[in-house]
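Visitor: I have a few questions about how the labels on this model were reached. Shall we look at it together?

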Amino acid sequence: MPHAPTRALNSLVTSGWNRLARVYNTPLVQRVAYQPPQDEIIDQLRRAGIRRIADVGCGTGILASRIQQELAPEVVYGCDASVGMLRQAKARSPEVNWINRRAEDLGLPDGAVDAVVSTHAFHFFDHAAALAEFHRILAPDGMLAIVLNNPRSRFARLLQPQPIQHVAYFPSPAEMRLLVENSGFRVTEQRPVRRPLPDALVPDVVTVARRI
Ligand SMILES: C[S@@+](CC[C@H](N)C(=O)[O-])C[C@H]1O[C@@H](n2cnc3c(N)ncnc32)[C@H](O)[C@@H]1O
């Protein structure tokens, strides 16, 4: 059992991802839902010249592998609690350091990275515990970039019925700003992810912050 607090039923959630790992990489799912936020994150990292990166809730490892290939950083960690998702990730790149750990307890040394990034996974984490862990592993002024759906949109509200909120909870952009700032970060940017689709279909928002 993990020592750090986790959101309720998180073991069940992550073992569910073991089964979904097989369909996750289909081109349509990737192009519509997951690629645009990954493009944004890579752009942020490139512009800031960041060299040590952790992708938390990395899933099948597409973003961490792209970071490795496109930015050739000093080190990139891909961290996920699902063995099934990481199995796919390991087949994708032998150069990324794949870590089977929870976001709330990553096991990396203090100040080990200059950026923590996370796309479409934060809603599953225990927010306070995960942000405290990101703060611990980030060097001073390190970058945090998190993408998640905006629950204020009509579509995303369907993803968050009251009974599942203890299992997965999507903070609104305003809640996200507060959570991040209360965890020792300064928010530098927050806006919808740019994608070739109406916002209502995949209403995700990127929040970028710096560790104080
Ligand atoms: C929707 S997938 C997103 C994967 C990837 N970031 C992407 O954008 O394609 C969510 C991932 O979060 C992982 N996850 C859920 N709870 C977690 C936790 N507490 N710690 C680490 N990973 C977790 C799941 O195992 C799953 O791989």
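Visitor: Where does Leu9 lie relative to α1 (10-24)?

Guide: Leu9 is in the segment before α1. Keep in mind that this is a predicted model. Leu9 is not a glycine, yet its phi is positive, about 60°.

Visitor: How do you know that Cys58 is in no disulfide?

Guide: The cysteine sulfur nearest to that of Cys58 belongs to Cys79, 6.4 Å away. A disulfide needs the two sulfur atoms within 2.5 Å, and 6.4 Å is too far for a bond. The search of the whole structure finds 0 disulfides.

Visitor: And why are Cys58 and Cys79 called buried?

Guide: Buried means under 20% relative accessible area. Cys58 has 9%, so it is buried; Cys79 has 0%, so it is buried too.

Visitor: Which residue follows α3?

Guide: That is Ala72, with a positive phi near 40°, in a residue other than glycine. Ala72 lies in the loop between α3 and β2 (75-79).

Visitor: Why is Ala72 called partly exposed?

Guide: Partly exposed covers what lies between the buried cut-off of 20% and the exposed cut-off of 50%. Ala72 has a relative accessible area of 46%, so partly exposed is the label for it.

Note on methods: Residues numbered from 1 in each chain as written. Predicted model: local features only at pLDDT ≥ 70, side-chain atom pairs only at ≥ 80, totals over all residues. Heavy atoms only, no water. Buried < 20%, exposed > 50% of the residue type's maximum accessible area, 1.4 Å probe, protein only. Helix = DSSP H or I, 4+ residues; strand = E, 2+ residues; numbered from the N terminus.
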